[in-house]
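This report describes selected features of one protein model. Please keep the sequence and the structure in view while reading.

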Amino acid sequence: MDETYRDRTTLVKGAKDIAKEVKRQAVKKVNKAVDKAQDGYTQRSYNRFQDEEDDDDYYVQGGNYGAEANDDEGSSEATEGHDEDDEIYEGEYQGIPSMGQGKDGMVALGQPMRDEYKDRHELETERKADEEELAQQYELIIQECGHGRFQWALFFVLGMALMADGVEVFVVGFVLPSAETDMCIPNSGSGWLGSIVYLGMMVGAFFWGGLADKVGRRQSLLICMSVNGFFAFLSSFVQGYGFFLFCRLFSGFGIGGAVPTVFSYFSEVLAREKRGEHLSWLCMFWMIGGIYASAMAWAIIPHYGWSFSMGSAYQFHSWRVFVIVCALPCVSSVVALTFMPESPRFLLEVGKHDEAWMILKQIHDTNMRARGQPEKVFSVNRIKTPKQIDELIEIESDTGTWYRRCFVRIRTELYGIWLTFMRCFNYPVKDNTIKLTAVWFTLSFGYYGLSVWFPDVIKHLQSDEYASRVKHFHNEAVSHFVFNFTLENQIHSNGEYINDRFIMMKFKSVIFEDSLFKNCVFEDITSLNTYFRNCTFVNTTFYNTDFEQYKFVDSELINCTFYHIRTGCQISFDDDYSAYWIYFVNFLGTLAVLPGNIVSALLMDRIGRLTMLGGSMVLSGISCFFLWFGTSESMMIGMLCLYNGLTISAWNSLDVITVELYPTDRRATGFGFLNALCKAASVLGNLIFGSLVGITKAIPILLASTVLVCGGLVGLRLPDTRTQVLM
């Protein structure tokens, strides 16, 4: 024993001499050693919350110990008062084995094998074992913290963010008719507004979901919601269509991160028996966002008196007020998020033990005070943390330019997000990712495709009914007559109008064909969907009208005069018979989701996620067949409400299953990828179903039914996560 002690003392003394020599020769070596010593002290500070063991050292993470080491063995845990040389030695030198020494020699010195001596597979195996232990322990900790005031406060904060996502989906459809007229959007460009918002949401879901696994759920959600709020607010003031598209693109990019981050965040503070139910209740805020958008559109947009103008260059109409009002949920969520902490589960995954412990204690104390038990003590004093595997990344030196360093930093972060995404296709989550991809795509394709098809079919039925009431006038001969009343839904063919005056009147859906206007006067005229086809105008005066060149189709104008022609687009929807009707139909469709939300929340943990998912998708597919018998507006509205009520249960259960099937270090990334796929499927569904409006019912009905039923059957093959802890 004495000889072993002398050998060890000699080794320690020699190591100290080496460290001193290194210090004198290289100052950078010393700085590196000091940094390592400080990192070691930060790691050891968490040992205050760990149980100390008197006999043996307890290895926690990469060389940290949970008990005091023997002073005779020169352990760095008992050297708080040592001099600088000792600190340098401890940080730099941790036992260099001799030529005959290997792992056994290091174990004999009481030192664990350092990570640089292990291969990647061995480190990942250790981390996986640590994660499994953490999953079980964290579930017990959350159960001890209880479910109370903290979870409900976070519930409403995250609910506002989810509500903002629901508003963003609906706001474009409500704004589009008014924005098309106000900004003179041609028919060829009107489809870009809806598509570009979904494009931004698709990219945003993938990016912000990946960032949430890198920097944290709260920070990622704060940034993405701030981006959405800023550009949504800015879009209400811009005048040009191109700049408006730009603002809505970045607004969609910001809100795209809401859904994957919100569900990942909230699931990590819920116990297993509460998770399915309360995540389903959280889904209700998306429906509330749709109802809010529908109600605000119904109450604001048709009031065209709520507008002002600054000359002819700046117009601010009621639909812009609606855009501002729709940004309020996003702003509210940003303000409230500043008072909420980070997800403790994420902090544990990245090795931030102290912060995670303090937040868990905050959750416990908040809930206990709300229960009237402030004296109850948080009994957790040691939490397992997974082994942190350092990634060696080459970064530009400090001598590089600032923009070069920013570029390298951004490239590194994006590459890290991509690596995390690729791990979603590794064992054991690869099969789950493929199945979830099929379910998300089919549900999104069928739901969003039919959601667009329903209103378009209703509008098509209205147009057919409106066209069926058109009045035809043939071979009219009118002279010296004053027209000062509204003409609506009329077709005039082969007429002659001599010395007539059209004064202070409106033309709505009026067509003149093969007609002659001679010595006529058009004064103070407003027109909508009005055209002159193959007509002849002789000695005719146009004063203060909106008859632009495109309204004269193959017409001849001889010796005609135009004064004060109103160019551009004019808001003139006060007589639009379908304005209120469209908003009311969307309001009913979103309100029909409420019963399905309540049912899914109450039954999620009772009948299981898979039963809810598969059953809801199959029933939704079957309900599509009843659309075949929809021949009136009221019947189509009833089918829309039934379909939305059945589909919402599938959405809720799919959200719950997704967050439970991915581990914490890939949860937001996987959810973000699937949510991005959802937006891509919705755009595809809009294009396909929109092109079939008015042509045939058979293809949309059969296509939607098939994809929904197939997706539901695939969903039944997913693992049941009802009794599992959060990985």
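Helices (H or I, at least four residues) and strands (E, at least two) are DSSP runs, numbered from the N terminus. The model is predicted: local features need pLDDT of at least 70, side-chain atom pairs count only at pLDDT 80 or more, and totals for chains, interfaces and linings use all residues. Residues are numbered from 1 along each chain as its sequence is written, and side-chain values use heavy atoms, with hydrogens and water left out.

Met635 lies in helix α21 (residues 633-661). With a relative accessibility of 32%, Met635 is classed as partly exposed; buried means under 20% relative accessible area, exposed over 50%, and partly exposed in between (1.4 Å probe, protein chains only).

## Helix α15

Helix α15 covers residues 353-370, 18 residues in total. From first C-alpha to last, α15 reaches 26 Å, close to the 26 Å expected at 1.5 Å a residue; the expected span is 1.5 Å times one less than the number of residues.

Among the buried residues of α15 are His353, Trp357, Leu360 and Asp365. After α15 comes Gly372, with a positive phi near 80 degrees.

Strand β6 (residues 487-493) is largely enclosed by the rest of the structure, because 6 of its 7 residues are buried.

Two strands pair if DSSP finds at least two bridges between them. Strand β3 (residues 471-474) pairs with β6 in the parallel sense over 4 bridges, and Lys471 stands opposite Gln490 in β6. Strand β8 (residues 501-513) also pairs with β6 in the parallel sense, over 6 bridges; here Ile491 faces Ile511 in β8.
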